[in-house]
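Let's take a walk through a protein model together. Have the sequence and the picture ready, and follow along.

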Amino acid sequence: MAGKKIFCVFFICITFFFAIFCSDNISHNFIAYSSLIDQHRQNRNRVQSKRNNLRKTLAETQKKVDEKRRQYDSVNSKIMSVKERKLKINKRVDDLRQQIEQVKRDIAAKEHEVAENTEILKRRLAAIYKAGEVQLIDLVFNAKTFEELIDKAEIITKVSDHDNRLLSALKDDIHSLEAMKAGLTGQEASLVAETNSLNEVEAQLRELLSQNEALLKQLESDKSRIQSEIYDADVEMRQIQNAIDMEVARLQRSRGGNPLALASLADFSRSNWFWPVPGFTRRSSEYLERRGHVYHKGIDIAGSAGRSIYGATVVAVDDGVVFAAFRGCPHDYGKLRSCGCGGGYGNYVMIRHTYMVNGKIVIKVSIYGHLARVCVSSGQTVARGQKIGEVGSTGHSSGPHLHFQTKFNGVDYNPLNENYLHY
């Protein structure tokens, strides 16, 4: 009986000690994981604040872009107005030159007519001389010019009134045509001077347009960069939220068993994936390729000579869950600057692939950008090799290709570090 009492007391003590030990261990795990969750939440708040600031900067940049576009359109409109005015002036100059040429022909015709009538007059005077009616015929024939002839002819009183009127009329016609020619030439010179002035104005406007275009290009580049940073912030926030969810799950599991650890980069291992665009292997851009102020975060898979990749099937590289999908970009064509859709990625799909490596959780993310068509939705489970979209040129894309990007527990890495079973 005494032995049973001793055993009961011993059992109660052991149970009490074990309960205290387990309680302390669970409490320690709870505090550790809670602290990690708080850290993730602080990071999420930091990224969210950064994203909000970026969106504010993007809105301000967009205002500047809109203002510069209005200025660009205004200057371009002025240039078109100047060009239209120049065209009208050039037409008037051409018309005046045609009129001047016609007046020159008229003057030549009148001068020819004067010459003919002069010869007629000379013959008439010769006939009068032979008839003995005039004694001053030598004066006439000694005239060296038409004007001199007219002056001398006026002293010949025997010339008929008809001849006098004819010579006077011809003389008036020549003077009138010369005056018309001078007036037209003056108008031509005035219009040419105005054209030269408009050329200077057009040159100044084009210089202003060039400066405006350069600034607009820079603003568009800034806008594209900010959109890309916002997109990265969104992705980072999703990844942080995923990490928070995982830590909560680990905390819950730790209360009933051993918790699962999140793998680090040191635990990276290759997965056996499918190539994302079967039948197309040419890469037009590599991982970490420099692009201005940023580096390319993935690889670009493109078509080859004589074989377009546009519309080619894009498949999931491995089993996973679609955690983001965007299909709202209609700008499916090559462009020099970003249209802004999908943070520059245009239509895209993001898939989360979860693995266990040495008892640790590995989360890899595959990203497929610039799609012409998206065939899956957020939250959908996909299988390796399943069609998820078609290659296009949406977003910031100069031509049809697939932007393929990968992340390991939230960190970018070279997609070519994986094993690919099917090309």
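Predicted model: local features only at pLDDT ≥ 70, side-chain atom pairs only at ≥ 80, totals over all residues.

Residues are numbered from 1 along each chain as its sequence is written, and side-chain values use heavy atoms, with hydrogens and water left out.

In soluble globular proteins, nonpolar side chains tend to be buried together. Here the largest nonpolar core has 29 residues. (Such a core is a set of buried Ala, Val, Leu, Ile, Met, Phe, Trp, Tyr and Cys residues joined through side-chain atoms within 4.5 Å; buried means under 20% relative accessible area, exposed over 50%, partly exposed in between, with a 1.4 Å probe and protein chains only.) Ile301, Val349, Tyr368, Ile388, Leu402 and Phe404 have the most contacts inside this core. Strands 6, 9, 10, 12 and 13 each supply at least two of its residues (strands are DSSP runs of E, at least two residues, and helices runs of H or I, at least four, numbered from the N terminus). Another core, of 15 residues, lies apart and includes Val82 and Leu209.

Now, which cysteine sulfur is nearest to that of Cys341? By the rule for a disulfide (two cysteine sulfur atoms within 2.5 Å), the count is zero. Cys341 is in no disulfide, and the nearest cysteine sulfur, that of Cys329, is 3.5 Å away. Cys341 counts as buried at 13% relative accessibility, whereas Cys375 is partly exposed at 29%.
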